Every structure is written in structure tokens, then in C-alpha cells.
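Let us walk through this structure together, one region after another. Please keep the model open beside the text as you read.

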Amino acid sequence: MDTFIRRSQAGFGKLTTALTFLSVFVGLLTILELKLGGVSYIGAAFDNVEPTMRWFDTRMFGAIDGNRKENARFAFDMDVDLTGLFNWNTKQVYAYVTIDYDTMSTSSGLINQNSLVIWDTIIESPDRANLTMKNARSKYSVYDIQSAFGSLNREVSISLRWNIQPRLGFLSYGVTRSKNQMKVVLPRKPRSKTRSAKRVVSQTPPVETSS
Amino acid sequence: MDELSDLVQRYTAGLIDFRGQELSEKIISKIVYSGVGLACVVGYVTQDFMIMVYGLGVVAVLILIFSLPLPIYKKNPPTWLEYTPITSSKVIIDHGDKKTTSASAKKTATKTD
Amino acid sequence: MASEAQKEASSVTAPVVVRGNAGYLNPKRIRKSLTQLLSVCMMFVSGYMMYQSAGVIANSASPAVVVLSGSMEPAFQRGDILFLWNNERNVNIGDVVVYDTGSRTIPIVHRVVHEHHNANKQLLLTKGDNNERNDIGLYENGRIYLDRQRDITGGVVKGYVPKLGYITILLAENPKFKILFLGGMLLLHLMSGD
């Protein structure tokens with residue numbers, strides 16, 4: 001190589017090649033590290049999950065063509081420790097609570113599988129990775145494709161999922177194992193403001209009065 | 001364009017001899033591959049990603065430094081032939097194109113001894 | 001005296017051919033310039049072909065994209081490069097997808113927050129991490145869902161390199177940088193020698 005520029009260009013070419021290999025290596029190393037660290041065994045506990053149903057008729061809450069949509073909000077307790085997700089290559093962890101459930105489409109007979117994010121947070125350092133929350137509120141009001149959401153047998157399961165955003169390499173996803181089987185029934189809120197006596201009786205158990 | 005290129009190169013080229021070229025390529029190769037590897041290891045061991053990034057920056061600077069025309073690259077200067085003056089009576093100027101070769105045959109400079 | 005005689009004896013007396021600095025359009029020079037042009041074109045074409053092949057493999061028109069907006073911060077910053085994969089039939093909740101809405105020309109990179117699928121199709125709702133609201137306002141024609149087959153044209157973000165693409169942003173948006181960059185390239189070309 002005859003000139004300074006040619007020599008340094010050749011050198012930077014070698015550096016680029018080396019960096020490409022390095023990037024792939026770091027990406028794979030991180031995946032290996034997570035697997036060996038047993039991140040798929042991280043558990044989360046939910047408790048006191050209470051849904052609140054409400055009807056809306058604006059687009060923001062899922063209503064279109066003038067059809068109102070039944071929305072759900074939640075209060076819940078949660079306990080999970082995500083410190084095992086942090087290593088030298090972890091830039092942030094996106095932790096999100098989802099509710100998952102199946103519905104049956106009446107027209108086509110197909111089974112729909114559904115997942116909705118009700119709460120999320122971004123954790124940027126392992127000091128803040130221990131999430132213990134009592135009586136937290138869901139951040140987002142969620143709804144189904146069908147206009148009614150709740151029903152007597154609409155059972156949804158709650159889980160805490162995570163997504164690791166690396167500094168360099170591949171994105172990783174996972175779901176925590178639930179320490180208790182957390183399912184909750186979403187009740188149906190009556191559409192009309194005036195409730196009929198019949199409906200109230202069928203939804204709530206009779207109250208015993210002492211005489 | 002050629003003249004401009006020559007002018008720029010006269011001041012910036014940084015010529016070194018042939019042995020020096022081989023040597024610089026070897027040195028830079030070693031620096032790059034071991035430097036990148038070392039930066040990765042140190043970064044991993046300290047569990048600090050930014051240390052690896054700084055290490056890569058150091059490697060880039062080292063590439064520039066070792067591409068400069070350093071004295072170690074100039075240990076084997078090429079031996080040029082001795083200067084011999086042209087006293088030929090026939091000088092043919094070749095412009096590299098077909099049109100003028102026959103014409104230049106007529107244009108040979110004659111030099112009286 | 002002896003050295004002068006020596007010099008005379010060793011001087012060249014045969015015809016000497018001297019290379020002249022002829023006109024700019026002689027065939028040799030034209031050939032040389034064309035060859036240089038050809039090798040530069042080859043470089044660009046082979047790079048382009050590699051990129052297009054990657055697009056075929058990843059099933060995405062643009063398998064690598066540069067992040068332009070800050071709506072996914074702090075995960076993705078402007079200048080980051082994202083690698084996409086579009087071969088999955090259904091995307092998962094929480095995945096980061098790249099999609100087009102008809103009116104906008106720039107694809108949007110956001111996260112899936114609602115997901116409904118059956119054997120035939122999948123409907124999605126997306127939201128940028130750094131946005132308060134979800135993307136419903138961005139969907140065209142008053143729709144409230146994206147269709148995975150029809151709208152997710154880029155794919156799912158699988159891999160990521162920080163900040164490498166910032167040069168493309170500077171080149172596109174900053175005219176001073178453009179001139180500086182071109183000037184630098186020209187200088188490098190002059191310095192490197194033919």
C-alpha cells in the first residue's frame with residue numbers, strides 16, 4: 001500500500017469485517033447467556049384482580065360505525081422480579097401485563113385467540129426490576145373485536161410478559177410462569193342505564209338478611 | 001484532474017518503501033483483530049458495554065497512527081538506478097494514441113553533440 | 001576527468017522513447033476512465049443486489065431500516081438500524097412491527113398492543129412506546145385495526161444495531177453535512193492515488 005490513505009482504508013476495511021463478526025458474536029452470546037440464566041423460569045404472582053366494565057362510543061375506545069364498545073379496566077396486585085433479565089448487553093426491559101382469552105365467531109365458527117396489553121412499563125436498570133405492586137390500575141382500557149366484552153363465562157387469563165431490548169443484537173421475548181393460576185371472569189355490564197330488576201337478580205347472589 | 005491529484009498527493013501521500021508496506025499491513029491486521037477481541041473480552045468481564053465501545057474507538061485511532069509514514073517502515077529504501085543523461089540523437093515522444101505516432105516520427109528532436 | 005569520461009561512455013545513445021502528456025481524449029485515457037467507472041458501478045450494483053436478496057429472504061421490501069422518529073424511545077433512537085423478518089404468519093403481542101398506512105409514505109415502527117387472530121387472519125392494534133395514545137388516529141379510513149397480511153409490509157423487528165444509520169439521516173436532512181461529506185469523499189479520492 002503506497003499512501004497513508006490506502007493503508008488506513010485497508011485497515012478500516014479489516015475493522016469493518018471484524019465488527020460484523022463481533023456483532024453476530026455478541027448477539028448470539030447474549031441469547032446463550034439468557035438461556036443459561038434460566039429466564040424462562042422467572043415467575044410472577046397476581047392477586048386481587050378486579051375488572052370494571054364500561055361502554056364507550058368513541059373511536060379511541062374501539063367504537064366504529066356508531067356501535068358502542070364494551071371496555072374493561074383492571075385493578076390488580078402483582079409481584080415479579082425481573083433482575084435476571086439484565087446483563088451487560090441489556091439496554092432496557094419492556095414489561096407488559098396481558099390478558100388472553102378465546103372467543104368463538106358466531107358467523108364463521110372459527111375460534112379467535114386474543115391478547116390485549118392492559119399495563120406496561122419500561123425498566124432501564126436492574127435496581128428497578130423488582131415489581132411489587134398493590135392495587136395497581138391498568139393503564140389502558142381494552143376491548144374485543146365484538147362489541148360486547150363481558151359475559152357470564154368470559155374467562156381471561158392474566159400474565160406478565162417481557163421483552164429485552166439489547167444494546168446490540170437480537171430482541172428477546174418471554175412470558176413469566178404464573179405462581180398461581182390467574183384467571184378472572186369479566187362480567188357483562190348492562191347497556192342501558194336503567195337496570196331491570198331481573199338482570200340484577202341473576203348476576204349477584206342473593207344477600208342473606210338476618211331477621 | 002490528474003494535476004490536482006498529483007498536487008494533493010505530493011503533500012499528503014506519506015510514501016513508504018515496499019518492505020514497510022508489508023510490515024504496516026501485518027501490524028495493522030494484528031492490531032485490528034486482537035484489539036477487537038480484547039475490547040470484547042474486557043467489556044464482557046467488566047460487564048460494561050461502553051468499555052468495549054471505547055476499546056473499538058482506540059483500535060480505530062491505532063489504525064490511523066500505524067498507517068502514517070513511520071520511520072520503521074522506511075528501513076529498506078529501494079535502490080534506484082544511477083542517473084544517466086540522455087544523449088541520443090533520436091528522441092521519440094509517444095502520446096499513446098495512433099494519430100500522432102507517425103507524426104512524431106517526423107518530430108524527433110535532433111541534438112548536436 | 002576520469003569520471004566525466006565514464007559518464008560519457010555510459011550515456012544512452014539508442015533511441016529513447018519518452019511518454020508525452022497528450023490530449024485528454026486519446027483512447028488509452030478514455031479506456032482507463034471507463035474502466036474506473038465500470039468498477040465503481042459494479043461495486044454499487046453488487047451491494048444493491050445483496051440488499052435485494054436479503055429482502056427476498058426476509059420477505060420484506062426493505063429488510064433493514066433506519067429509525068427516523070423518537071416514538072419508540074428509549075428502546076429505539078434516531079439513527080438506529082433495525083433488521084426485519086416477515087416470514088411469520090402471525091405476529092405476537094408485544095412484537096415491534098413495521099407497517100404502512102396508505103396516506104403516509106414513511107413506514108411506522110411501533111409495538112403490537114392488541115392482537116386477535118384465527119385460522120384466516122390477524123388483526124392488530126399498535127402503539128409507540130413513547131406515545132400516550134395508541135395508533136388508532138393514524139389508521140386510514142376510520143379503521144381501528146391493522147390487518148397482518150395487508151398492512152404489515154415491513155415485518156417484525158428481530159435485531160438491532162445502535163446509531164450506525166445516523167449518517168444517512170444527516171445526509172438526508174442536513175445540507176451542510178451533505179456538502180462536507182461530498183467534499184470529504186472527493187478529497188479522499190484525490191489522496192488515494194490512481
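Chain C brings 28 residues into contact with 37 residues of chain A. On the chain C side, strand 5 (108-117), strand 8 (155-161) and helix 5 (175-192) each supply at least two of the touching residues. Sorted by class, that side of chain C holds 14 nonpolar, eleven polar and three charged residues.

The two chains also share strand pairing. Strand 8 of chain A, residues 169-170, is joined by two bridges to strand 8 of chain C, and the two run antiparallel.

The largest nonpolar core has 60 residues, and the members that touch the most others are Val93(A), Ala95(A), Ile118(A), Leu82(C), Val97(C), Val109(C) and Val157(C). Strand 3 of chain A, residues 90-104, gives this core its largest share, six residues. There is also a second, separate core of ten residues, with Ile28(B), Val32(B), Met52(B) and Ile63(B) among them. As background, nonpolar side chains tend to be buried together in soluble globular proteins.

Which residues does Ala95(A) touch, leaving out those up to four places away in sequence? The list is Leu82(A), Asp120(A), Thr121(A), Ile123(A), Leu131(A), Leu160(A) and Trp162(A).

Twelve bridges connect strand 3 to strand 4 (residues 111-123) of chain A in an antiparallel arrangement. Along this pairing, Met104(A) stands opposite Ile111(A) in strand 4. Strands 3 and 4 form a hairpin with six residues between the strands, and within this hairpin Gly109(A) takes a positive phi near 75 degrees. Strand 3 is also joined to strand 7 (residues 155-166) of chain A, through ten bridges and again antiparallel. Here Tyr96(A) stands opposite Arg161(A) in strand 7.

Next comes chain B. Its secondary structure consists of four helices and one strand, which follow the pattern α-α-α-β-α along the sequence. Of its 113 residues, 14% count as buried. Among the contacts in chain B with a separation of 6 or more, 53% are between residues 24 or more positions apart.

How confident is the predictor in this chain, going by what mean pLDDT? The mean for chain B is 77, and 81% of its residues reach 70 or more. Residues 100-113 of chain B have a pLDDT below 50, and this stretch makes 14 contacts in the model beyond near neighbours in sequence. Where pLDDT is low, the predicted coordinates should not be read in detail.

An unreviewed entry gives the annotation "transmembrane region" to residues 27-45 and 51-73 of chain B. In the model, residues 27-45 of chain B are 100% helix and 0% strand, with end C-alpha atoms 26 Å apart. Residues 51-73 of chain B are 74% helix and 0% strand, and their end C-alpha atoms lie 32 Å apart. For chain A, UniProt (unreviewed entry) places a "transmembrane region" at residues 12-32. That span of chain A is 100% helix and 0% strand, and 30 Å separates its end C-alpha atoms.

To finish, here are some backbone details worth checking. Gln47(B) has a positive phi of about 55 degrees although it is not a glycine. You will find Gln47(B) in the loop between helix 2 (18-45) and helix 3 (49-67) of chain B. Is Gln47(B) buried or exposed? Gln47(B) counts as exposed, because it has 11 C-beta neighbours inside 10 Å. In chain A, Asn135(A) is another residue other than glycine with a positive phi, near 55 degrees. Asn135(A) sits in strand 5 (residues 130-137) of chain A, and it counts as exposed because it has 9 C-beta neighbours inside 10 Å. Lastly, in chain C, the peptide bond from Glu73(C) to Pro74(C) is cis, with omega near -5 degrees. Pro74(C) lies in the loop between strand 2 (64-66) and strand 3 (81-85) of chain C.

Methods: Residues numbered from 1 in each chain as written. Chains lettered and ligands numbered in written order. Predicted model: local features only at pLDDT ≥ 70, side-chain atom pairs only at ≥ 80, totals over all residues. Contact = placed C-beta atoms within 7 Å. Nonpolar A, V, L, I, M, F, W, Y, C, P; charged D, E, K, R; others polar. Pairing = 2+ DSSP bridges. UniProt positions renumbered as here; feature names shortened; annotations may be inferred. Buried ≥ 20, exposed ≤ 12 C-beta atoms within 10 Å, placed from the backbone. pLDDT = per-residue confidence, 0-100. Core = buried A, V, L, I, M, F, W, Y, C linked by C-beta atoms within 7 Å.
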